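Subject: Structure handover

Hello,

Here is the structure I promised to pass on. Please open it first, then read my notes below.

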Amino acid sequence: MAIYGLDWLLKSYGEEYLVLEYNHLFVSDTIREEIWLLQRKNDSHLIENILQAAAAFSIHDADADRPLNTYSGGQQAILACLLVMAAIRVAKLNGVKLLLNNILNSISEDNRRTLYQRFHEIRKTHGVGFYTTANGRVEEITC
């Protein structure tokens with residue numbers, strides 16, 4: 001399946017931002033595999049952190065080995081955000097600029113508010129900036 005605009009998005013913003021694009025959130029099939037690809041090891045603590053965070057979004061059936069394509073689109077978007085924020089914390093990265101392309105539109109208003117709280121927390125602790133694309137421009141998400 002073609003990911004329209006992904007090449008342009010990465011060429012335009014990939015040097016400056018870590019890009020999460022709604023139509024291409026994951027590389028592998030499960031959360032466990034995603035973490036293994038990021039860390040080259042099975043990190044049960046990180047998995048548990050993500051699964052616990054998912055419960056705050058009413059994703060109570062989240063599982064490290066559940067195929068990601070069995071979650072709704074909004075749940076996948078939330079899990080991708082939680083995964084990236086957890087990876088930033090574990091790697092002790094600071095100042096990352098995260099560009100969320102078409103991510104927020106797929107998330108309910110209540111879950112978006114909860115996600116903004118998570119953004120605010122990691123912004124304070126790790127200086128992470130959150131951005132979105134709107135009207136052909138990049139705009140900072142302020143929350």
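A crossing of two helices is left-handed if the near helix is turned anticlockwise from the far one by less than a right angle, and right-handed if clockwise. Keep that in mind for both helix pairs below. Note also that this is a predicted model.

Helix 4 and helix 5

Helix 4 covers residues 73-91, and helix 5 covers residues 109-126. Helix 4 passes helix 5 in a left-handed crossing. On the helix 4 side, the contact is made by I78, C81, M85, I88 and R89. Helix 5 brings N111, L115, R118, F119, E121, I122 and H126. By class, these residues are 7 nonpolar, 2 polar and 3 charged. The two axes come within 11 Å and cross at roughly 15°. Angles under 35 degrees count as roughly parallel. Helix 4 and helix 5 are therefore roughly parallel to each other.

Helix 2 and helix 4

Helix 4 also packs against helix 2, at an angle of about 35°. Here the axes are 12 Å apart. The crossing of helix 2 and helix 4 is right-handed. From helix 2, the contact takes in I31, E34, I35, L38 and Q39. From helix 4, it takes in L79, L83, A87 and V90. The contact of helix 2 with helix 4 counts 7 nonpolar residues, 1 polar and 1 charged.

The buried face of helix 2

Which residues of helix 2 are buried? In this helix, residues 31-39, they are I31, E34 and I35. Viewed down the axis of helix 2, the buried residues fall within an arc of 95°, so they line one face of the helix. An α-helix has 3.6 residues a turn, so residues three or four places apart point the same way. The cover over the buried residues of helix 2 includes helix 3 (44-55) and helix 4.

The end of helix 2

Q39 lies in helix 2. Is Q39 buried or exposed, or what lies in between? Its relative accessible area is 24%, so Q39 is partly exposed. Leaving out residues up to four places away in sequence, Q39 touches L46 and V90. Q39 and R137 are 98 residues apart along the chain, and their C-alpha atoms are separated by 32 Å. Just after helix 2 comes R40, with a positive phi of about 60°.

Over to you.

Best wishes

Definitions and conventions. Residues numbered from 1 in each chain as written. Predicted model: local features only at pLDDT ≥ 70, side-chain atom pairs only at ≥ 80, totals over all residues. Heavy atoms only, no water. Axes fitted to C-alpha atoms, helices over the stretch in contact; angles between N-to-C directions. Helix = DSSP H or I, 4+ residues; strand = E, 2+ residues; numbered from the N terminus. Parallel < 35°, antiparallel > 145°, perpendicular 65-115°, else oblique. Contact = heavy atoms within 4.5 Å. Nonpolar A, V, L, I, M, F, W, Y, C, P; charged D, E, K, R; others polar. Buried < 20%, exposed > 50% of the residue type's maximum accessible area, 1.4 Å probe, protein only. Arc of directions from axis to C-beta.
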